[in-house]
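Subject: Structure handover

Hi,

Here is the structure for your files.

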Amino acid sequence: MHIPKILLLIQAGIFGLILGSFLNVLIYRLPQSMSILGRSYCPHCRAQIPFYRNVPLVSYLLQWGKSACCQKKISPQYPLIEALTGFVSVVTVMHAETLPQYFIWFLLFMCPLIVISVIDFQLKIIPDVISVPFIIVGLMVQQFEHYPEWWAGLKFSGLGLLIGGGFLLLFAEVMSRLLKKEAMGGGDIKLMAMLGAFLGPKSLIFIYIAGSMLALVYAVFGRILNKHQDRQIPFGPFLSMAGMLFWFYREQIIERINPVIDFYAGVFFS
Ligand SMILES: [Zn+2]
């Protein structure tokens, strides 16, 4: 790969912005079970948006955050998600070893996690339409990463899937028995199974701890700023964020996790 680094980062950023505007469509339409195909239209007056007014980020800025058709305010969520996707794309290309690896992980891992996170933030649900198929995609991606040792890939991914989903299922069962109400949504469990399938069993320790800490920070800040009208804090976005962080720093994190696992393996199996 002989594209100058800065050019590569710019291209990844633009690609991310474009993908982000497609993710906006998914985030808007998936929970309403609407078709994800078909032209973009204004959510206020239903007028079709011509392609030249649908340029990620640029259109929003040029139109001062108002729609061209009916001059209504466009939610800042649209440009924010475009910018976020662009940012995630740049960070992904920086942490990928090859260009195919960047495309695979950005398109099949980062993008679904962004969609899941935003929908979970807004509606407190994680649609099965995304998490369940991407459990299978995770299994396939690890086949690719471990090629030609398909058995190793299947073991890595399968163990992650089972431990990720199983551990949370057990935890949710125990907690709901203790609290006598549903402690954790089934959506979180499927998301954890998806993360396990993509990232393998060792990642789960990090994702669980880092995800809980991020959620705690959010809860504390929310309480201080008193911005939560509702008490329910979605767990999905923080698990997703931890999953992304794990992939970015996978080598460094695994290096630190291995001694811990060896230690406990020594305690339990010697
Ligand atoms: Zn309009």
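Residues are numbered from 1 along each chain as its sequence is written. This is a predicted model: local features need pLDDT of at least 70, side-chain atom pairs count only at pLDDT 80 or more, and totals for chains, interfaces and linings use all residues.

Across the boundary, 14 residues of domain 1 contact 13 residues of domain 2. (Contact means that the C-beta atoms of two residues, placed from the backbone, lie within 7 Å.) On the domain 1 side, the elements giving two or more residues are α1 (5-29) and α3 (77-94). Helix α3 gives the most, with eight residues. By class, that side has 11 nonpolar, three polar and no charged residues. (Ala, Val, Leu, Ile, Met, Phe, Trp, Tyr, Cys and Pro count as nonpolar; Asp, Glu, Lys and Arg as charged; the others, Gly among them, as polar.)

Overall form next. The chain has 10 helices and zero strands. (Helices are DSSP runs of H or I with at least four residues, strands are runs of E with at least two, and both are numbered from the N terminus.) The radius of gyration is 20 Å, close to the 18 Å that the globule rule gives for 270 residues, so the chain is as compact as a globular protein of that length. (The radius is taken over C-alpha atoms; the rule is 2.2 Å times the number of residues to the power 0.38.) Along the principal axes, the C-alpha atoms fill a box of roughly 70 × 55 × 35 Å.

α6 with α7: helix α6 (residues 150-179) packs on helix α7 (residues 186-199) at about 155 degrees, with the axes 6 Å apart. (Axes are lines fitted to C-alpha atoms, for helices over the stretch in contact; angles run from 0 to 180 degrees between N-to-C directions.) α6 is therefore roughly antiparallel to α7. (Under 35 degrees counts as roughly parallel, over 145 as roughly antiparallel, 65 to 115 as roughly perpendicular and the rest as oblique.) The crossing is right-handed. (Right-handed means that the near helix is turned clockwise from the far one, left-handed that it is turned anticlockwise, by less than a right angle.) The α6 side includes G160, G164 and L168, and the α7 side includes I189, M192 and G196. The contact residues divide into 11 nonpolar, five polar and one charged.

α5 with α6: helix α5 (residues 128-145) meets α6 at about 145 degrees, with the axes 8 Å apart. This crossing is right-handed too. Among the residues in contact are I135 and Q142 of α5, with W150 and F156 of α6. The classes here are six nonpolar, five polar and one charged.

α5 with α7: the axes come within 7 Å and cross at roughly 15 degrees. That makes α5 roughly parallel to α7. The crossing is left-handed. Contact residues include F134 and V141 of α5 and L191 and F198 of α7. They divide into 10 nonpolar, three polar and two charged.

Best wishes
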